[in-house]
Amino acid sequence: FEELAIVTDVCNIVSKYSKSNPIKARHLVDSIKIHLNTNNIDVRFDEVRLRKIVNHVRSNGIMPILATSKGYFVSYNTDDVCSQIKSLVERQNSLDRCASGLIKFT
């Protein structure tokens, strides 16, 4: 996966942002593209790839990258992390309900 090659780069960039100073996905993508171009790294990068990388980072406990409607940031604050976990669980439950509803059509 090309995404794995730039996990460290994404972590380094997003780690500069905090809850009080989050970065919107489109700005983060632009920052990463500039970094990739500056370092002559030829990887197509967009918001879909960003989400895949954030998922990888979270799933593997690499760094607590959190996201709100205001943007991405890193926080080691337990309350912030717990709030993100709660949001993810609620989203998971919503997706489960959607899948269950669609099963009625199979």
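Is Lys19 buried or exposed? Lys19 is exposed, with a relative accessible area of 54%. Exposed here means over 50% and buried means under 20%, and these two words return throughout this walk through the structure. The model is a predicted one.

Start with the charged pairs. Side chains of opposite charge can pair when their charged atoms come close. Three salt bridges are found in the structure. In one of them, Lys19 is joined by its side chain to Asp80, with 2.9 Å from N to O. This pair links distant parts of the chain, as the two residues are 61 residues apart. Lys19 lies in the loop between H2 and helix H3 (25-38), while Asp80 belongs to helix H5 (residues 78-103).

Lys86 and Glu90 form a salt bridge in which the closest N and O atoms are 4.0 Å apart. Why is the separation of Lys86 and Glu90 about one helical turn? Both residues are in helix H5 and they are four residues apart, so about one turn of the helix separates them. An α-helix has 3.6 residues a turn, so residues three or four places apart point the same way. Lys86 counts as exposed because its relative accessibility is 54%. Glu90, at 45%, counts as partly exposed.

The remaining salt bridge is formed by Arg44 and Asp46, whose closest N and O atoms are 2.7 Å apart. Arg44 has a relative accessible area of 53%, so this residue is exposed. For Asp46 the value is 23%, so Asp46 is partly exposed.

Now turn to helix H2, which covers residues 7-14. How many of the eight residues of H2 are buried? Six of them are, and therefore the helix is largely enclosed by the rest of the structure. The buried residues are Val7, Asp9, Val10, Cys11, Ile13 and Val14.

The last stop is a pair of strands. Strand S1 takes in residues 65-68 and strand S2 residues 71-74. The two strands pair in the antiparallel sense, with four bridges between them. A hairpin of two residues connects S1 to S2. Which residue stands opposite Gly71 of S2? That residue is Thr68.

Definitions and conventions:
Residues are numbered from 1 along each chain as its sequence is written. This is a predicted model: local features need pLDDT of at least 70, side-chain atom pairs count only at pLDDT 80 or more; totals for chains, interfaces and linings use all residues. Side-chain values use heavy atoms; hydrogens and water are left out. Buried means under 20% relative accessible area, exposed over 50%, partly exposed in between (1.4 Å probe, protein chains only). Two strands pair if DSSP finds at least two bridges between them.
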